[in-house]
Amino acid sequence: MRKLALNDEILLKIEKPARYIGNEVNSVMKDKEQIDIRFCMCFPDVYEIGMSHLGIQILYDMFNRREDVWCERVYSPWMDLDKIMREENIPLFALESQDPIKDFDFLGITIQYEMCYTNILQVLDLSGIPLFASDRDDSDPIIIGGGPCTYNPEPLAEYFDMFYIGDGETVYDQLLDAYKENKKNGGSRKDYLKKAAEIEGIYVPAFYDVAYKEDGTIASFAPNNSHASKKIQKQMVLDVTNTYYPQKPVVPFIKATQDRVVLEIMRGCIRGCRFCQAGMLYRPTRERDVEVLKQYAYNMLKSTGHEEISLSSLSSSDYTKLKELVTFLIEEFKDEGINISLPSLRIDAFSLDVMSKVQDIRKSSLTFAPEAGSQRMRDVINKGLTEEIILEGAGQAFEGGWNKVKLYFMLGLPSETEEDMKAIPRLADKIARRYYEIPKDERNGKCQITTSTSFFIPKPFTPFQWARMYTNEEYIARAAIVKHEFQEQLNRKSLKYHWHDAETTVLEGVFARGDRRIGKVLLEAYRLGCIYDAWTETFDNEKWMKAFENTGIDIGFYNNRERAEDEIFPWDFIDIGVTKSFLRREWERAMRGEVTPNCRIQCSGCGAAKYKGGVCVESKN
Amino acid sequence: MKARIKFRKYGVMKFIGHLDVMRFFQKAMRRADIPIAFTGGYSPHMIMSFAQPLGVGVTSDGEYLDIELKEPITSEDAVNQLNQVMVEGIDVVSFREIPDDKKCSGMTIVAAAKYQVTLQESFKTSDAIKRIPDLWQEKVVNFMNQPEIVVLKRTKRSEKEMDIKPMIYQMETDKDGIHLFLATGSEQNLKPDLVMETFLNYIGEKPEEVPLHYHRLEVYARKPETPATMLRNQGEKATADIGEQFVSLEELGEVVR
């Protein structure tokens, strides 16, 4: 029987001890004497969130296929345990072996959102690993970061030994082999970092120097070590069918946010919405073979025992074999009590038909994400959803028996006017009117149109990377305009409006496009006690504002100015395929309100074609 | 066909709460290909019911769940298939067919449970066990010889005095631990920690300073021919042949060959 890192007294005192004991179905145990490399994968948030992440499951499976590697997992201890570990000096441990993280060769941290950054420091701190990479020695694990936030890793540069830029399926073997080789040859930590820097896609921040102009923008960004290359190539798995996919994902005992089989049907998106970072980062769009997906669905349901399966992609409706796959899933598994969930589907006759088969119409709601209220604004963001399409989809759904609709919008988009804001409630009202056109005896009571707005955050590698953001007060004022306009609507009693607060938006904005210098705000915030910033119950904006004050970092510099065309961005050293000139062209088209067709209609020459795969070569096969 | 599954819960699994154990078994049924029956409707769920929930921290040799099957399966196959998909800390002990009638099926029949309470070296682990002090043997006898054992039962609204003695069918001690045989179930329910808390107070110990581990040994139904009234107010005589009035849930089922 494994010995747990935490004693019974602690485990019986804290919330959900199952977060810390491991032992889950399909978790992997190995004999540590028989392996060469111990790798710990971390999602720096609470267990239930971290266990819902597909990326870690893929890498966990991939690493553990190697006989010389044992990959384990660790998540952020929740606040209750965090306190106890600090008081009693208990080092953070991995779930499988329950061994301290400090004893590992690697700690891999997936960085999915900006508001988890203080939790990264928490994980390092509780592990007893120096926070700054420069303070670490040969006894410390190599700290490697991956995931979407590493497309601008600079705010975290000083805390990581290296970042892996791109799909995890490509160069990890090389990276691990180089580690073994270096260890065998008695090489130092620095020797290994040099070797790693030579591997495509690996960024070692210590090997680069940044200089700044007087106005605070970057003057130069260049390698200071001959092993480091000027540009880091995004890693890309071109054939997403013949690659790693976990057939036996780990099944948590407690209910995770994603308590189901996740079937990733494709990577990337053909749409080119100008605010969307994922849509640019993961170009070109690559589909998984439908026959393989059917087999995966079967295998994963069997190995996990989950009662639900969900398709995952940025835009499922664009998967060419969607009809075939969904029909298969329904026919094969519906009678076995398996739920089928289909997020990110466009509302049309097909999806309504499918939804009526897999869910209870009376209880379920339809989701539209027009993202902007006016057609002008939707053209600016290149969201190819028109009012006609929305009203047509909603109309069909209402006639099919649905009466609940959810709408998602963004506020604070580039060039947004008061008219654009007011168009949001007006669109919601038009949908309600469409519902009440149905004769009273044929409809299902009142309708419920729920509108949510979030505030737009410009992200690196999007056409909007040059855009300015607004202040907290300005965002709230915009939400107030929308709220007021809702009260003016004819069907206001059927309309509900929610908006997110703007405090975290401002911080996310700073970290999304920040440079190396803001790493110190992060550390200061952590020292002041900030942690679990993605959680409303623990987020403390006052402490964050104090951290900015103490470090003299100006939020306005990062958020509230439109960047010049020739400004050097902190993330310019990464080559994602999509070129800066294409993004600039898209920014200019946006300002003229011109839409750009999707990848299947016409190639717009974004630059991703250099990878010679996916949708870029589809029609040529 | 209805079946009853008996399982053990030990080791790190003692930290998994009752609801999560239910979820674990729902998934295990699918992994093990047990032909379990579902309810109808839009969100069909497995026909499955658990006996008496076990508290977090408590281990057990006698946990039960009843399921309904859509086609038959032998006991041997079911036990093997289930054990192949269990985790360390949960073992399936038996799988038996139970009659459809109310007297044997459904978890409302639970009437008693047997526990072993051990004394731990510290609150930190249940692995290091201490001998029960010899003096306790006599103290337990004295405790049980009281005419009544009154406790304060707190509910949301009020506090009320209650005599728990009739619900303690047996309380004995030897060097390994204290053995409790307690009324359990929907009709009357007495938790072992309440008994121990009351006992420790009685002998002048502070319950919060005495680390105890609770282990459930078995869960019982009342033998169909034993009316409830026979058990009450019989004093020592009832205690002596108490075992004969109950039958373990497992024994109500039959092995499927």
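This is a predicted model: local features need pLDDT of at least 70, side-chain atom pairs count only at pLDDT 80 or more; totals for chains, interfaces and linings use all residues.
**Exercise 1.** Which side chains meet in a salt bridge at 3.0 Å, N to O: what is the partner of Glu264(A)?

*Solution.* Start with the cut-off: a salt bridge is a side-chain nitrogen of Lys or Arg within 4 Å of a carboxyl oxygen of Asp or Glu. Glu264(A) pairs with Arg267(A). Next, check burial, where buried means under 20% relative accessible area, exposed over 50%, and partly exposed in between (1.4 Å probe, protein chains only). Both Glu264(A) and Arg267(A) come out buried.

Residues are numbered from 1 along each chain as its sequence is written, chains are lettered from A and ligands numbered from 1 in the order in which they are written, and side-chain values use heavy atoms, leaving out hydrogens and water.

**Exercise 2.** Work out how Arg286(A) and Asp167(A) are connected.

*Solution.* Their side chains form a salt bridge at 2.8 Å, N to O. Now place them: Arg286(A) is in strand β12 and Asp167(A) in the loop between β5 and α6, 119 residues apart, so the pair links distant parts of the chain. (Strands are DSSP runs of E, at least two residues; helices are runs of H or I, at least four.) Arg286(A) is buried at 1% relative accessible area, and Asp167(A) is buried at 7%.

**Exercise 3.** Describe the Asp82(A)–Arg86(A) pair.

*Solution.* Their salt bridge spans 2.8 Å, N to O. Both sit in helix α4 of chain A, 4 residues apart, about one turn. Asp82(A) is buried at 8% relative accessibility, while Arg86(A) is partly exposed at 35%.
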